[in-house]
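Please look over the protein shown below before reading on. The report that follows takes up a few of its contacts and then its overall make-up.

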Amino acid sequence: GRRSYIDLAAKWFEIGTSCPPRYGDYQGKVVFRPDAKNTITLLALWGDDHNHPDREAAEKDDMIYYGRQAIYERTSGLNWQRLWGTRGFSNLSLSLVGTSFQEDYKETNTGLDLLSNHSGETSVKVRNVNTFSFNRRHTVDVGFEVKTSADEFNNYYSGPNDAIGQNAADMKVDKRLRSSKLGLFLNHVWKFSPRITTTVGGRYD
């Protein structure tokens, strides 16, 4: 894992400890080879982003808004590679990707709610790629991809003032979306010469 040092620099330059953002990321990888033809890989990546300026810091630094921000990103994957003799191999992977937002902002002058974002986006994908080499010049990739997504949105936006000082209506969003996708693809790689290689393929979703 790694952590930024922006908050320490902020203390040295006296710009307030609640203003600078904090970033971090964490990584992990495990590779398992049960035999010469099979390789299983587990990979995980996580990241976080935090920013929590308070009202006092916002007034000091002439910020028009202040509040809390926390963003989390995560990616995890499992891949199985199988060798088929000397001319082919397959990759089968499962991945999980997600992002979540926890954000609440207020107007510095009035302290009124300005924006709220409590949302999350998650997707799961299965992908299979099979590679076959017929000879030194011709290679074919064929496979499929299945993806499903689940998104949740819980947002609030304060209505702005128009040119004559009237307030527009506030807006709220509370929705849940689901979607799925299937894709099939085929690629043909032809090494026409040591200096010329052509790739022709197609995909259907």
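Which side chain makes a polar contact with the side chain of Ser90?

## Basis of the report

This is a predicted model, in which local features need pLDDT of at least 70 and side-chain atom pairs count only at pLDDT 80 or more, while totals for chains, interfaces and linings use all residues. Residues are numbered from 1 along each chain as its sequence is written, and side-chain values use heavy atoms, with hydrogens and water left out.

## Ser90 and its surroundings

The partner is Asn130, whose side chain makes a polar contact with the side chain of Ser90 at 2.6 Å. A polar contact here is a pair of N or O atoms within 3.5 Å; within protein, one must be able to donate a hydrogen and the other to accept it, and residues adjacent in sequence count only if both atoms are side-chain atoms.

Ser90 belongs to strand β5 (residues 88-107) and is buried, with a relative accessible area of 9%; buried means under 20% relative accessible area, exposed over 50%, and partly exposed in between, using a 1.4 Å probe and protein chains only. Leaving out residues up to four places away in sequence, Ser90 touches Trp80, Gln81, Arg82, Trp84, Val129 and Asn130, where contact means heavy atoms within 4.5 Å.

## Aromatic pairs

The structure holds two aromatic pairs, a pair being rings of Phe, Tyr or Trp (its six-membered ring) with centres within 6.5 Å, called stacked if the planes are under 30 degrees apart, edge-to-face if over 60 and tilted for the rest. The ring centres of Tyr65 and Tyr105 are 5.3 Å apart and their planes lie at 80°, so this pair is edge-to-face. It links distant parts of the chain, with Tyr65 in strand β4 (residues 65-84) and Tyr105 in strand β5, 40 residues apart. Tyr65 is partly exposed at 38% relative accessibility, whereas Tyr105 is buried at 14%.

Trp190 and Phe192 also form an edge-to-face pair, 5.2 Å centre to centre with 85° between the planes. Trp190 is partly exposed at 32% relative accessibility, and Phe192 is partly exposed at 45%.

## The chain as a whole

The protein chain has two helices and nine strands, arranged along the sequence as β-α-β-β-α-β-β-β-β-β-β; helices (H or I, at least four residues) and strands (E, at least two) are DSSP runs, numbered from the N terminus. Of the 205 residues in the protein chain, 27% are buried.
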